[in-house]
Amino acid sequence: KTILKFRKKSEDQRISEISGKMMIQNKRNHGLVEIREQIQEISHQGTINHAQLQTLLSDRNFNVILFDLFDEKGLGILDQPTWFGKLKYWTKANPEEKTKEVQNKLDFIDLIEAITYLVCKENNVTSEHFHKIMSTKGVEKKIIRVLNNDTESNLGVDDLMSFIMTATRGSQLSVESTERLRKVFSESLGKDKHEISLHEFKKIVPCKDEFFVNRIFHIFDSDQSGYITLANFIETVDQFSSTDDDSKIEFLFNIYDINGDGVLEENNFREVIKACMKENGMDFDEGELTNLASALFMDGVKDGNETMTLDDFKEQLQRQDGLVEGLGIMINKRLVPKKPPKEKTILEKLSERLPQRYLSKDYWVNNKSFHFFIFVVILINFILFTH
């Protein structure tokens, strides 16, 4: 028997940590979309040259968006050690290595640190300071040399976007985890490919639900390029990599928040409840499900509201026994590809082709004389052949 639990009207209404996190991520995604649009407007056939990059880095609006991506908490300032730490994480440069690629990365950081000291001394970096630093002549040349592995050729739009996404990311996976994800991404793509289209994504994800797959693809494609790059892939996995309930709930909320406005309408919520109930083994007909979802939705939204926030959504799901657990099962089923079947041995392949009665113990015990006769015939033929 299913027992539904409804909220107490006196519960605390403050914005929770999970909502704050989602607001930061939504702001970041919006910034990534804007900055890609600006890069594409100035690019030619998917690449930009030195002059075009210098134009971008001199553009005040471009720098405001880039600054806000670094300033994820909206403080209006960048703490120098934190900012440089993000850049150093992006380069993954090891000073003990002596390759030209590593040296270019270290030179780039040294240049940014030197310009920052001239502009700010030891003070925090403001948006205005940031514009002066990034528009300094020579910065664009260093960026191109680092991203193009010491060549002077044009820079790809996707390469520049990957740099921006990685360098501005707040919470970060370890270098080891990043390398594992890089390997998984490369193995899924195949040789000499750098992005995943929606068509290819559908082949990788085991879920056959068209809506679910499209929405997951949309979440991974955070800068709305129309495909998923390695930087997109790593960032999204980083965002939802925790195994706690909050990550599962936030991920599901994002799937059904079609408009990306941070709230769910009743029809969105009904689809969530339908999916969770199905995975949890609860059987309802369409009419019962509609009435149930409507009751839970009206109970979950705050007084006077017509939409459900992430906080409302979390509270309502956690009050219903088994729903969050069913949610975790559903996400794993739809997202995690099945393990490839184990390669069978020659003996196993042979046993599948032979009638099973020939492989049973009883068959061999009951036909000892016949098998011995066959063995003798084979042995005699072998002896005659060798002679």
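**Contacts.** I started with contacts (heavy atoms within 4.5 Å). Among those between residues at least 6 apart in sequence, 68% join residues at least 24 apart. This is a predicted model, so I kept in mind that local features need pLDDT of at least 70 and side-chain atom pairs pLDDT 80 or more, while totals for chains, interfaces and linings use all residues. Residues are numbered from 1 along each chain as its sequence is written, and side-chain values use heavy atoms, with hydrogens and water left out.

**Overview.** I found 20 helices and 8 strands in the chain; these are DSSP runs numbered from the N terminus, helices being H or I of at least four residues and strands E of at least two. Of the 387 residues, 40% count as buried. Buried here is under 20% relative accessible area, exposed is over 50%, and partly exposed is in between (1.4 Å probe, protein chains only).

**Salt bridges.** I searched the whole structure and got 8 salt bridges, each a side-chain nitrogen of Lys or Arg within 4 Å of a carboxyl oxygen of Asp or Glu.

- K21 pairs with E250, the closest N and O atoms being 3.5 Å apart. K21 lies in helix α1 (residues 17-42) and E250 in helix α13 (residues 245-256), so the pair ties together parts 229 residues apart in sequence. K21 is partly exposed at 35%, whereas E250 is buried at 1%.
- E235 meets R28 at 2.7 Å, N to O. E235 is in helix α12 (residues 230-239) and R28 in helix α1, so parts 207 residues apart in sequence are tied together. I noted E235 as buried at 4% relative accessibility and R28 as buried at 10%.
- D246 meets K314 at 2.9 Å, N to O. D246 belongs to helix α13 and K314 to helix α16 (residues 310-319), so this pair ties together parts 68 residues apart in sequence. D246 is partly exposed, at 25%.
- I also saw R36, D158 and D223 joined into one network by salt bridges that share partners.

**D71.** Which residues does D71 touch, leaving aside its neighbours within four places in sequence? I listed K27, G76, I77 and L78. D71 sits in the loop between α3 (60-70) and β2 (77-78) and is buried, with a relative accessible area of 5%. D71 and R28 are 43 residues apart in sequence and 9.7 Å apart in space, C-alpha to C-alpha.

**E286.** E286 is partly exposed, at 47%.
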